[in-house]
Amino acid sequence: MIQEEASAKRTPKTIESAADLVIVGGGLTGTCAAITAARAGLKVILVQDRPVLGGNCSSEVRLWILGATSHMGNNNRWAREGGVIDEIMLENIYRNPDGNPLIFDTVLLEKVVQEKNITLLLNTAVFDLDKKPNADEIDTVYAFCSQNSTKYVLSAPLFCDASGDGIVGFLAGAAFRMGAESMEEFGEKFAPDKAYGELLGHSMYFYSKDIGRPVKFIPPSYALQDITEIPRYKTFNPKDFGCRLWWLEFGGRLDTVHDTEQIKWELWRVVYGAWNYIKNSGEFPESENMTLEWVGTIPGKRESRRFEGDYLIKQQDIVKQTAFEDTAAFGGWSLDLHPADGVYSDQSGCNQWHSKGVYSIPYRCYYSKNISNLFIAGRIISATHVAFASTRVMATSAVGGQAVGIAAALAKKYNCTPREVGTQHLEEYQLELWRSGQYLPQTQITDPADLAQKATITASSSLHLTELSGSGHWLAIEHSVAQMLPVAGAVPAVTIQVEALENTVLEVELRKSSEVFNHTPDVTLETKSVQLTAGKHELTLEWLANMPESCYVFVCLMKNKSVKVQYSDERVTGLLTVFNATNPAVSNYGKQEPTEDLGVDTFEFWCPQRRPAGRNLAFRLSAPISLFEPKNLCNGLHRPISSPNAWVADFADKNPSVKIEWQEPVTISRIELVFDTDSDHPMENVIYVHPETVMPFCVCDLKIADENGQVIGKIEGNHQTKRTISLDTPVETKSLHLTILSKNEHVPAAIFEVRCY
């Protein structure tokens, strides 16, 4: 029995811990930062004030993870974020294709607890800190866990604030901004006025389900009584649930840090009032058997403080896709601004404006400009309010977390500050980011340690694309459809099969992007009008265009519901068919305002269909496309950009293999491979049901043998992009032979990269 004197002063149990890096905030950003830093050898303490990881994507909030790829529509092809967030999303889709948010919690928790270098503190909130005497440097943070009544004293040479509201930066005196900048300060034409509001609000979601029998609903007394207070109330649909109701938003006129509890209560009022309207208004008889299954207990926050680094990314950087010397991450979500009044606004729930492709985020946005050992990550990075409207989304924040994790490892290695990583060790920093799976747009990376760069690489075959064979799938051209083709030089003639349901004219265009690294078909090269009589036809479309450098062209069949076109079941790495099916809510050219006045161009969106419906057009080419050679395995690019950047085997190759040969023996201890896991697939973690748990392009089984035929490594049952084979005993050999042991019937084998160390 524990007994204490009644008069004794009682203090919480205190635990003091030291690490190389303390990360405050266990949302997706902090989680990816912690995993990255731990794998780089740092001792990490990850402090999360909630019972689970993930923040807005956890089961407590249930927001889908969005980033540069989007189910809502944009022209960012093959743009899914790489590295740790890619690993997490692939693991989730493998285990959890139905999008159960509880299962996603377990995926995140497992990824963290598997890292022996991470100490995880859940339900633990930072409330104070100490700085070093006479220095703008954090020494210690103080946190408290209400579940075990324990106070934690956490010290480290480096700290990362990924807390969303920036509690560490705020307590440390880091420079920050809150609210919108004026249009005049940075020349941002999207800068909102006072009527629109300066902050994005919070949202709260609910889930419903049909239980097969009538169920009544008696609203709580605090529920919104008059649903017409919400101008958009007529858009409610009993079948909508979770983050499809993202527009249930409130709080942009309040202090989104200190008024969060008030905002939460108002959102509860709205949610229960909305459900009362659905259940009891009589306008939704289909809701008779439906009940509320879940309502959020904490709101999903969008915006509060934004901290200042050595650079503030702004609207122009996103729209113009500024190339930075110190690129550390990338984004691709729209400039997504919301009216501050949220559900009580009579305006659209959002105004979304897209650039023509992904944009770079410089490393200078990821550390405080005046607190020397503080990294900043997540929605609080150094950005203007307008730029934040894009950088804030979770997948973009996650790659920012990875950028911080790698930077922290180098800061420890060289005993330097976060700023000095970018000024003194930039080349090494970007190389380590690239090795970790990070994509750095418009950035050339060379890896002098990669032995494959000095080898001769051959393959059992290479695809020389001449056709995708037709299947029984014929679809009317209800939306304009385009086949994307990688070309270098003359554009081959394309033969397709069509069926006219009546006499008609089919308009055809050949397009390309104004920048080879984009996939927005904004330049029309040639047009054709094809007269069709009723019946089936084989059309050969000949082109005069000649591309001086590798790029994608779009063979566009313009909208004509009287014409059907044949599709193929075959799919190839780096090949896509896209459709001009517009979502007006997120379309630049679906708006009435003149876009040139806002500093952005008007252009169309051409997006793939969601699988399993999505297929390539069936076609035949007059000359082969031969851009799938084994030399791509060491070109330093691990996704399609202006070219497929992959080795792809021939369809007929039943035993695809790659041989890597050196003139002299080399000693190899590690082999890294990058596979195609369809980086055009956004892989939303909730709401959507995914028909595939392993991407059809992905190599699942592979073996590697040395020059004597001795198998030195295997990969079995793979579903991940990046795999590493570490050899317990280094092997000296003059060659490696990679044999792919399994492949999809309709998809030729493909690999993006092989690196040897």
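Where does Trp78 lie? I found Trp78 in the loop between strand 3 (44-47) and helix 2. I took helices (H or I, at least four residues) and strands (E, at least two) as DSSP runs, numbered from the N terminus.

I am working from a predicted model, where local features need pLDDT of at least 70, side-chain atom pairs count only at pLDDT 80 or more, and totals for chains, interfaces and linings use all residues. Residues are numbered from 1 along each chain as its sequence is written, and side-chain values use heavy atoms, with hydrogens and water left out.

**Positive phi**

Most residues other than glycine have a negative phi. I noted that Trp78, not a glycine, has a positive phi of about 50 degrees. Trp78 is buried, at a relative accessible area of 5% (buried means under 20%, with a 1.4 Å probe and protein chains only).

I then looked up Asn645. Its phi is positive too, near 60 degrees. Asn645 sits in the loop between strand 32 (619-625) and strand 33 (647-648). Asn645 is buried, with a relative accessible area of 5%.

**Helix 1 and helix 2**

I checked how helix 1 (residues 28-39) meets helix 2 (residues 84-95): their axes come within 9 Å and cross at roughly 110 degrees. Axes are lines fitted to C-alpha atoms over the stretch in contact, and angles run from 0 to 180 degrees between N-to-C directions. That makes helix 1 roughly perpendicular to helix 2 (65 to 115 degrees).

Which residues of helix 1 meet helix 2? I listed Leu28, Cys32, Ile35, Thr36 and Arg39 in helix 1, against Val84, Ile85, Glu87 and Ile88 in helix 2 (contact means heavy atoms within 4.5 Å).

Definitions and conventions:
Angles under 35 degrees count as roughly parallel, over 145 as roughly antiparallel, 65 to 115 as roughly perpendicular and the rest as oblique. Buried means under 20% relative accessible area, exposed over 50%, partly exposed in between (1.4 Å probe, protein chains only).
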